[in-house]
Amino acid sequence: MKIRIILAVVMAVAVGVGVVSAEDQMIIKLKSGGVATFSLADIDTIKFDDDTTLVAHYPFNGNADDASGNGLNGTVHGATLTADRFGIANRAYHFSAQDSAYISVEDNDLLDVREGEDFAISIWMRTTVQDLEIVAVSKYSGGSGPQLFVDTSGTARIWARDPNPRGWHGGVDFHNGPVNDGEWHMLTGMRRRSVWTIWVDGRQTGEIDEQSMGSLANGTILVFGCSNFGNFPMNAYWEGELDDISIYRRALTEAEIQGLFNQR
Ligand SMILES: [Ca+2]
Ligand SMILES: [Ca+2]
């Protein structure tokens, strides 16, 4: 549940007067009648987020928790914290194929893209893998679901499959150059009505307009760093780093993608 912070002005005033002691508190009165109390000394940042279409967000800053407010926290399987694209320690995850490393999130209705719905997935990634398909984000069950990955030529792609009779969608895979060059890149893949696009570092590099898409809903887990194809063992393990994974139940605008790209 997202808490609407209505008394943050109390916080601003408290901070504005200078010294924050361990006893200073922020008190939030909820519409439900409840009260939530926080020690100001424990608060790092306060963010007002009315974008309920951001269904899951993984900043990977010290853990794999979901920062969207929806509680879709990740479970880490062998991935290790490492420096992010700014060189700050413990703010991204390293995945080793040798360790079969991945992060999983339990299935949730919020992650199910229904018939006709748009969606977007944005990530930061780094890899030097050659000649192998490696998967960054997958909710593919073997029968349905989306997947964002880097193919054997080092090209970023997004596709999804819905159950018969329609089958495969997207697969946008052209003109985006290899992203397996050992540099950090931001990949954004999305569907807006029947148009699929993929973006590298905030620039659209692929587009395909195709048939309407059925429901991608399934009961499988969401995984980062591999594909599960609905079965264990996992495969197509990521080798390298992943960070700042955001999943939206709508398409993003170019300005929003630029905003993500320039976010620190
Ligand atoms: Ca991070
Ligand atoms: Ca589901």
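Local features are given only where pLDDT is at least 70, side-chain atom pairs count only at pLDDT 80 or more, and totals for chains, interfaces and linings use all residues. Residues are numbered from 1 along each chain as its sequence is written.

The predictor's confidence in each residue is pLDDT, on a scale from 0 to 100. Its mean over the protein chain is 87, and 88% of the residues reach 70 or more. Over residues 1–16 pLDDT stays under 50, and the model has 22 contacts beyond four places in sequence for this stretch. A contact here means that the C-beta atoms of two residues, placed from the backbone, lie within 7 Å. Where pLDDT is low, the predicted coordinates should not be read in detail.

Strands are DSSP runs of E with at least two residues, numbered from the N terminus, and two strands pair if DSSP finds at least two bridges between them. An open sheet is formed by 7 strands in the order β4-β7-β16-β9-β10-β11-β12, with antiparallel pairing. At its edges are β4 (75–77) and β12 (167–172), each of which pairs on one side only. Within this order, β9 (residues 134–138) and β10 (residues 145–150) are joined by 4 bridges in the antiparallel sense. Serine 138 stands opposite glutamine 147 of β10.

Next comes the interior. A residue is buried if 20 or more other C-beta atoms lie within 10 Å of its own, exposed if 12 or fewer, and partly exposed in between. A nonpolar core is a set of buried Ala, Val, Leu, Ile, Met, Phe, Trp, Tyr and Cys residues joined through C-beta atoms within 7 Å. The largest such core has 56 residues, and Tyr102, Ile123, Ala136 and Leu242 have the most contacts inside it. Strand β8 (residues 119–126) supplies the largest share of this core, 6 residues. Beyond four places in sequence, the contacts of isoleucine 123 include Ala136, Leu148 and Leu242.

Alanine 120 is also in β8. This alanine is buried, because 24 other C-beta atoms lie within 10 Å. Among its contacts beyond four places in sequence are Thr188, Tyr248 and Leu252. Alanine 120 and threonine 53 are 67 residues apart in sequence, yet their C-alpha atoms are 9.9 Å apart.

Strand β3 (residues 54–58) has 4 of its 5 residues buried, so it is largely enclosed by the rest of the structure. It pairs with β17 (residues 240–248) in the antiparallel sense over 4 bridges. Leucine 54 has tyrosine 248 of β17 as its bridge partner.

Key:
Chains lettered and ligands numbered in written order.
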